[in-house]
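Please consult the sequence and the model alongside the text.

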Amino acid sequence: MKILVVGGGGREHAIIRKLKQSPQCGEIWCAPGNGGIACDAKCKNIKATDLDGMVAFAKEEGFDYAVVAQDDPLALGMVDRLAEIGIPSFGPNAAAARIEASKVFSKDLMKKYHIPTADYAVFNDPAKAMQYIEQRGKYPVVVKADGLALGKGVLICQTEQEAREGLKEIMLDKKFGASGNQVVVEEFLTGPEVSVLSFADGKTVKPMVSSMDHKRALDGDQGLNTGGMGTVAPNPYYTPEMAERCMKEIFLPTMQAMQAEGCPFKGCLYFGLMLTPDGPKVIEYNCRFGDPETQVVLPLLESDLLQVMQATTNGTLDKTEVKFSAGAAACVILASGGYPVAYEKGKPIEGLTDGQLPGCKDVTVYHSGTAQADQGLVTAGGRVLGVTATADTLPEALKKAYAATEQIHFEGMHKRTDIGARALNALK
């Protein structure tokens, strides 16, 4: 099969490398792709949000299947547009993608169908939102932009002053554009966080192995929020008992709620969960694979990814095996100095051959922000590379991943040194 993957980061690279293992997989294209992805697929420089350009390209190339991996094109209706020209895709249509594209939609859905989540209120007036926060007088408080904001539209405000500044940033300064026209103000939940990606075909949901993300830029969960500085899988807090409970209280009810609303969900449904003292609650839904969770989840998948993806499109997931290995995986992100604020691009990357680390067993380098230049691979983003290792146990996977990062160098390279530390403590 000739396949198109829409997107250009580490998540897309992980998807492509796993798709290539399928005997049905022929030629793979990625648009826009990046410098490292170019070692594994043909790249076409079309913006993921350029629906007209992407559809014209897909038609011209005659793809058999497409994987729409990024949130923006899903929210804009890329899957709908590809369906119109007869190309089946992995991913939800625009109506179902609202589960991520609108925080207001997802919170109201959970409230209506009694899916456990944090208490909240919705505002389109910053003054009224502030009044509500002051009246409650409970800190920290969470303020979320309604729409997509590159994973950065969630502010945890420790004081009244921070809440005031956060509302100004989102609603008045329009830091995230129209995404900040409405905000959700939420109670702050405590407990271990768990990411659970799942395959869904509108009726059936099959969860993948759980994972743990590390959002803060610096060690000890200090510093600014990022798109994610590393991940481990499985998440030790997510026990088989907890998985059973989440299936019954959250996963199936969500699938049924989306069906009842006339927008059944197909593709990858991501559940961001908080295991609170009152039980598991949904912090957020994503309508696609998470990044960098995908970089630890897919290496553990033993089933044929292309087959599973097609089953979500065709509604045959109940008859399709989704199997994961019993091992563990760890991903350490190598970022540009200054990320997530200001950083320089174009720094030569040393240590890689054809985008990978030769001689490193069970280690894969996923490219997030790289480009091909005259002098070879250079940095082209905030998060540059994700170094993932698999092993029988999590301590072994972490040791391998960190050892591998020592072989890669670029000017200003930054990484956290404590990825997986909380998970290791939980295992003790």
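Buried denotes a relative accessible area under 20%, exposed over 50%, and partly exposed the range in between, computed with a 1.4 Å probe on protein chains only. This is a predicted model, in which local features need pLDDT of at least 70, side-chain atom pairs count only at pLDDT 80 or more, and totals for chains, interfaces and linings use all residues. Residues are numbered from 1 along each chain as its sequence is written, and side-chain values use heavy atoms, leaving out hydrogens and water.

The structure holds 29 salt bridges, each defined as a side-chain nitrogen of Lys or Arg within 4 Å of a carboxyl oxygen of Asp or Glu. One of them pairs E261 with K112 at 2.8 Å, N to O. Because E261 lies in the loop between α9 (240-260) and β16 (266-276) while K112 belongs to helix α6 (residues 103-112), this pair ties together parts 149 residues apart in sequence. Helices (H or I, at least four residues) and strands (E, at least two) are DSSP runs, numbered from the N terminus. E261 is partly exposed, at 32% relative accessible area, whereas K112 is exposed, at 52%.

A further salt bridge joins R422 and D221 at 3.5 Å, N to O. R422 sits in helix α13 (residues 421-427) and D221 in the loop between β13 (216-218) and β14 (222-225), so the bridge connects parts that are 201 residues apart in sequence. R422 is partly exposed, with 33% relative accessibility, and D221 is partly exposed, with 32%.
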